[in-house]
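Here is a short briefing for a reader new to this structure. Look at the sequence and the model first, then read the points by topic.

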Amino acid sequence: ALVRRYKFVLRDSAHTRLCTNKTLLTINGQFPGPTIYARRGDLVIVDVYNRANHNITIHWHGVKMPRYPWADGPEFVTQCPISPGTKFSQRVVLSDEEGTLWWHAHSEWSRATVYGALIILPERKSSYPFPKPHAEVPLLLGEWWNSDVQEVMEEFLNSGGDPNVSDAFLINGQPGDLYPCSRQDTFKLTVEFGKTYLIRMVNAVMNNIMFFRIANHNMTVVGTDAAYTKQLNSDYIAISPGQTIDLLLEANQPPSHYYMASRVYASAGNFDNTTTTGILEYSGNYTAPSSPLLPTFPEFNDTMASINFTTQLRSLANEKYPIDVPLNITETLFFTLSINLRPCAGNSCVGPFQERFLASVNNLTLVLPRTDILQAYYRGINGVFETDFPDNPPFAFNYTQGFVPRDLWRPENGTDVNIIEYNSTVEIVFQGTNTVAGVDHPMHLHGYSFYVVGSGLGNFNRTRDPPNYNLVDPPLMETIAVPINGWTAIRFRADNPGVWFMHCHFERHVSWGMGMAFIVRNGRGPNARMLPPPPDMPRC
Ligand code: C2O
Ligand code: CU
């Protein structure tokens with residue numbers, strides 16, 4: 001294993017898309033940010049300098065950070081922000097992750113422009129569980145706002161309603177030529193007929209699950225969230241924000257130009273109804289059409305198209321890539337995911353009842369503290385968080401039918417953690433609710449990968465559903481979309497002590513409070529204990 005060192009300088013830099021020139025918060029002036037390359041088991045050290053006038057933290061999305069939550073990144077959960085003019089060196093220890101992950105800012109909404117790919121190759125002399133591709137191509141789905149993202153966020157928080165939507169979706173920072181002024185701003189992938197390409201896709205979009213498709217070409221999924229999957233052939237992809245998908249693309253069609261494109265899957269809320277495109281361009285001599293073929297997409301609200309893709313993912317689960325699904329569960333958690341309304345006053349209210357939206361897990365709306373939870377836990381500082389995050393919602397009801405009386409389901413504000421003993425075997429069933437409106441929730445857990453053992457529509461049923469779990473080859477993931485008015489069950493072994501954030505990866509939902517943290521206690525013996533903090537931890 002090697003040590004790889006990167007320098008990340010947060011600064012403002014000017015960028016133009018859709019004929020709008022503006023200043024973005026970036027790393028090293030790049031948008032999207034720099035790609036980190038490493039091999040399985042390496043140590044990556046990133047020196048983060050803040051030379052902008054916005055607080056920042058950086059999160060290594062999908063990296064387990066073994067026994068070292070100190071550099072994980074979520075602000076006020078595991079660290080105080082890196083303030084302007086200061087620096088933080090983050091040690092990112094890679095363990096069993098192999099494939100595509102990404103890094104992003106984890107401070108307010110700054111991940112809208114501060115993100116990049118983290119590519120983890122197999123160990124030297126080791127190879128992929130599929131034929132070596134001719135070339136590898138990172139493909140990051142992102143967004144462009146003509147207005148300032150900080151202002152979009154502030155307006156959203158003040159409004160009590162949904163946020164403004166972006167002005168364009170992007171493929172590798174480029175909107176593509178269906179948008180105004182964007183002919184030059186189109187991502188192009190040049191391929192040779194007969195060759196196979198590994199596309200490493202990341203969904204860095206703020207608030208939407210995305211469909212992706214390439215005209216006339218099927219794709220073969222080989223991995224997700226830096227774990228290999230059985231090969232899955234599909235003509236479209238559905239990808240949650242936070243999730244990554246590795247896929248093989250065979251350049252096997254008549255040489256020409258073909259559009260690759262991405263657009264929204266949205267079961268509720270406002271959304272940007274535009275299509276971002278890139279061009280798959282075969283090399284060689286031929287007459288290209290003046291406008292390439294555009295792939296067709298499922299309807300924007302086609303929930304089954306999203307579910308059908310995701311539920312086909314399977315772990316490799318073979319001798320070389322064994323799985324380790326916990327079979328005897330010691331911690332059974334049932335977490336409701338709700339959008340809620342709360343009475344409010346003034347102009348930050350929506351609808352005829354003058355209320356504002358918020359969100360909750362088990363009826364608790366997360367309020368981030370002013371000192372990070374990790375530091376308070378480590379140093380025994382009282383008054384920062386409470387330890388009573390419940391294993392179940394306060395009461396049962398028909399979660400998915402809707403029309404819940406308005407005052408029956410008002411969440412409480414809190415900063416509550418759920419404490420888990422070292423080496424517990426944990427099952428979480430996420431239950432989407434229809435208290436105000438049902439919607440998908442791409443849930444993300446820090447510090448772990450988990451097996452997705454089951455999912456379904458409607459209310460989870462403890463007698464009917466567990467016998468149908470897949471305990472043979474469930475996919476290993478760290479972000480999973482819990483379907484609208486449905487449920488998803490995950491399992492993992494709590495062998496990574498620390499403080500770990502869990503939240504919806506829709507930025508609007510986590511801003512409304514859809515998140516919580518786990519404290520996984522130290523176990524016995526030196527290798528089961530959290531490591532001490534580095535000397536340069538940012539201060540609040
Ligand atoms: Cu990708 Cu808590 O984040
Ligand atoms: Cu959500």
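The model is predicted.

**Overall shape**

- Along the principal axes, the C-alpha atoms fill a box of roughly 70 × 60 × 55 Å.
- Of the 540 residues, 50% count as buried.
- Take the contacts in the chain with a separation of 6 or more: residues 24 or more positions apart account for 78% of them.

**Domains and record**

- The chain is divided into domain 1 (1-126), domain 2 (130-315) and domain 3 (331-528).
- Domain 2 and domain 3 have C-alpha centres 28 Å apart.
- Between these two, 30 residues of domain 2 are in contact with 29 residues of domain 3.
- On the side of domain 2 that touches domain 3, the elements giving two or more residues are helix H1 (149-159), strand E15 (227-234) and helix H2.
- An unreviewed UniProt entry places the feature "domain: Plastocyanin-like" at residues 14-123, 136-285 and 388-523.
- Residues 14-123 are 0% helix and 45% strand, and the end C-alpha atoms of this span lie 38 Å apart.
- Residues 388-523 are 4% helix and 40% strand, with end C-alpha atoms 21 Å apart.

**A five-stranded sheet**

- One open sheet of five strands runs in the order E11-E19-E18-E13-E16, with mixed pairing.
- Strand E11 (187-191) and strand E16 (237-239) stand at the edges; each has a single partner strand, so one side of each is left without a neighbour in the sheet.
- On average, neighbouring strands of this sheet are turned by 25° against each other, direction ignored.
- Strand E13 (residues 209-214) and strand E18 (residues 257-265) run antiparallel, joined by six bridges.
- Methionine 210 has valine 264 in E18 as its bridge partner.
- Helix H2 (residues 303-310) packs on the sheet and touches E13, E16 and E18. The direction of H2 makes about 95° with that of E16.

**Backbone points to check**

- Most residues other than glycine have a negative phi, and most peptide bonds are trans.
- Which residues does a cis peptide bond join? The bond links phenylalanine 31 and proline 32, with omega about -10°.
- Proline 32 sits in the loop between strand E2 (20-27) and strand E3 (36-39).
- Asparagine 28 lies in the loop between E2 and E3. Its phi is positive, near 55°, and asparagine 28 is a residue other than glycine.
- Is asparagine 28 buried or partly exposed? Asparagine 28 counts as partly exposed because it has 16 C-beta neighbours inside 10 Å, and a buried residue needs 20 or more.
- Arginine 67 is not a glycine, yet has a positive phi of about 55°. The loop that holds arginine 67 runs between strand E5 (58-61) and strand E6 (87-93).
- Arginine 67 has 20 C-beta neighbours inside 10 Å, so it counts as buried.

Methods. Residues numbered from 1 in each chain as written. Chains lettered and ligands numbered in written order. Predicted model: local features only at pLDDT ≥ 70, side-chain atom pairs only at ≥ 80, totals over all residues. Buried ≥ 20, exposed ≤ 12 C-beta atoms within 10 Å, placed from the backbone. Contact = placed C-beta atoms within 7 Å. UniProt positions renumbered as here; feature names shortened; annotations may be inferred. Pairing = 2+ DSSP bridges. Axes fitted to C-alpha atoms, helices over the stretch in contact; angles between N-to-C directions. Domains from an automatic or database assignment.
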